[in-house]
Amino acid sequence: MAAAFQFIAALGCVYLLAGCAVNPVTGSQNFTLMSEADEMRKGRDAAAEVSKAYGVYDFPTLQNYVNEVGQKLAKESHRPELNYHFTVVDSPQVNAFALPGGYIYVTRGILAYLNSEAELAAVLGHEIGHVTARHSVQQYSAATAANVAATIGGLVAGIFMPQMGGQVAQGVQSLLGITGSALLSGYGRSHELEADRLGAEYLARSGYDPQAMIKVIGVLKNQELFDIEVAKQEGREPRRYHGIFATHPDNDTRLQEVVGEAKQYVQPGAVDDGRKEFLRHTKGMIFGDSANQGIVRDNTFQHKELGFTLSFPPEWRIRNKPDEVVAISPDGDALMVLSLFDSVRGSPADLARERFRLGLSSEVFSTTNNGLPVAIVTSTTQEGMPFKAGVIYHDNKAYLLAGRGDSTAAFDRHRSAISSAIESFRALSDTEKESIKALEIGTITATKGLSYAELARESPLGVNAENYLRLLNGQYPEGEPVSGQIIKIVR
């Protein structure tokens, strides 16, 4: 027992001795358990995983433009010696994030809602701030240190109960998940404010107006306000953007103060926000889902790469998520989920029985629909709620389209709609595949009297088109185009 406690004390000393490093921004000592070499390695490893998960957006001129802006800011940062990488990832999500060591990502989704090069620089500057201040390293170190006691407890427990040793490894693995920072989910008030302060400083030193940082956070806050309304329509929880700011940034005194500190670094002469240059580089950028991620048109889902289509009932709300497509009934009392189910094994009925572990009371009906092998399953969930599902084989892949209600009565009301959706699944012809086009950002020059309501009538953006257009042009919630203004549209 004495030997065990001596070992534990020694381990604690190792942690304490390892935790001294100079913060590149403040020059003061920070507690850290990750060397700069480890930081670089973890960044490289995580970057490889990000590329697999997202994919790089295939728009070379835009990639080059974003990299040029990022590199200009990085040269003015507190860690200019790092080998920075700036990448646009192929995602419609509104997001930006950084990995240790200078790997910084923006989605094409967030670029769609920016309106100038200065705003782009603000997003990149904020993420550079997280890197230069080593926020992810600080979080990793703090979390690891907080787990030292748990680790020590695990070691003590391991002396008497060896089977508990695996919990320590699981804890370490979970810590690796905090290597990336997200502008929109945030680190917490203090780190986010520091990233805003540093980003504003890098903006000013690079010739941009540091107030662009306030504008960008305003864009994200407006996204949050708009999404609250859309979430009500879709029966879901709203997303939060840079959620540490409870109020609009125009009313956030502390944020105004930290960004205002960058005034001392502002370069002499007029500051051009680079709006025209930014709009030129983002014109033609995909908006929303790309053709190879599957697109929704008039409640019909089409996937060009996988080569299939199906139709959901009119008025149902469709969400195309990375790993599934979800359809929710108008009253929110039923839903359907489409997913890539499994590899093809035996018949669809065989696979359904294996995966669902179906009992004798379950119905499994084998058929062919639109030339594809299908198993129709009618059964109940573990909670006793009825559901209907189709296991569909297409192109050596098995798909599952399942629907249920939030009660037996709701399921009975929507049973026919669920069946129709399953029956609508079919392969796309080569001609249909070629015709599938994603929405793109375009620009027009506003004429006198033009309104967003008028543009919305011709827009493919659906019932919320008017407010989408306002958001895209930085004029949410009540702005209107001004004659001669270049505005973004979606076509």
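The model is predicted, so to speak of local features takes a pLDDT of at least 70, side-chain atom pairs count only at pLDDT 80 or more, and totals for chains, interfaces and linings use all residues. Residues are numbered from 1 along each chain as its sequence is written, and side-chain values use heavy atoms, with hydrogens and water left out. Helices (H or I, at least four residues) and strands (E, at least two) are DSSP runs numbered from the N terminus.

**The four-stranded sheet**

- Strands E8, E9, E10 and E18 line up in that order as an open sheet with antiparallel pairing; two strands pair if DSSP finds at least two bridges between them.
- The edges belong to E8 (295-297) and E18 (426-427), each of which has a single partner strand, so one side of each is left without a neighbour in the sheet.
- Inside the sheet, E9 (residues 300-303) and E10 (residues 308-311) run antiparallel and are joined by four bridges.
- Histidine 303 has phenylalanine 308 of E10 as its bridge partner.
- Helix H14 (residues 408-424) packs on this sheet and touches E10 and E18, its direction making about 160° with that of E10. Contact here means heavy atoms within 4.5 Å, while axes are lines fitted to C-alpha atoms (for helices, over the stretch in contact) and angles run from 0 to 180 degrees between N-to-C directions.

**The three-stranded sheet**

- E7, E19 and E20 make an open sheet in the order E7-E19-E20, again with antiparallel pairing.
- Here E7 (286-287) and E20 (486-490) are the edge strands with a single partner each, so one side of each is left without a neighbour in the sheet.
- Two bridges pair E7 with E19 (residues 439-445) in the antiparallel sense, and the partner of isoleucine 286 in E19 is glutamate 440.
- Lying across E7, E19 and E20 is helix H17 (residues 465-472), which runs at about 135° to E20.

- Leucine 99 finds its bridge partner in tyrosine 103 of E5.
- Ala96 and Ala98 point one way from E4, Phe97 and Leu99 point the other way, and all are buried (buried means under 20% relative accessible area, exposed over 50%, partly exposed in between, with a 1.4 Å probe and protein chains only).
- Three residues separate the strands of this hairpin, and glycine 101 takes a positive phi near 90°.

**Helix H5 and its partners**

- H3 (residues 60-75) packs with H5 (residues 117-132) at an angle of about 55°, their axes 9 Å apart.
- H3 and H5 are therefore oblique to each other; angles under 35 degrees count as roughly parallel, over 145 as roughly antiparallel, 65 to 115 as roughly perpendicular and the rest as oblique.
- Residues making the H3-H5 contact include Tyr65, Val69 and Leu73 of H3 and Glu117, Leu120 and Leu124 of H5.
- Glutamate 117 of H5 is buried, with a relative accessible area of 13%.
- Beyond neighbours within four places in sequence, glutamate 117 is in contact with residues including Tyr65, Lys72, Tyr208, Asp273 and Arg275.
- H5 also packs with H10 (residues 212-234), at about 85° and with the axes 8 Å apart, which makes H5 roughly perpendicular to H10.
- In that contact Ala118, Glu119, Ala122, Val123 and His126 of H5 meet Ala212, Met213, Lys215, Val216 and Val219 of H10.

**Loop residues**

- Proline 313 is in the loop between E10 and E11 (317-320) and counts as buried at 12% relative accessibility.
- Not counting residues up to four places away in sequence, proline 313 touches Asn299, Met336 and Ala417.
- The loop between E10 and E11 also holds glutamate 315, which is not a glycine but has a positive phi of about 75°. Glutamate 315 counts as exposed at 64% relative accessibility.
- Asparagine 396, in the loop between E16 (386-394) and E17 (397-405), has a positive phi of about 65° without being a glycine. At 67% relative accessibility, asparagine 396 counts as exposed.
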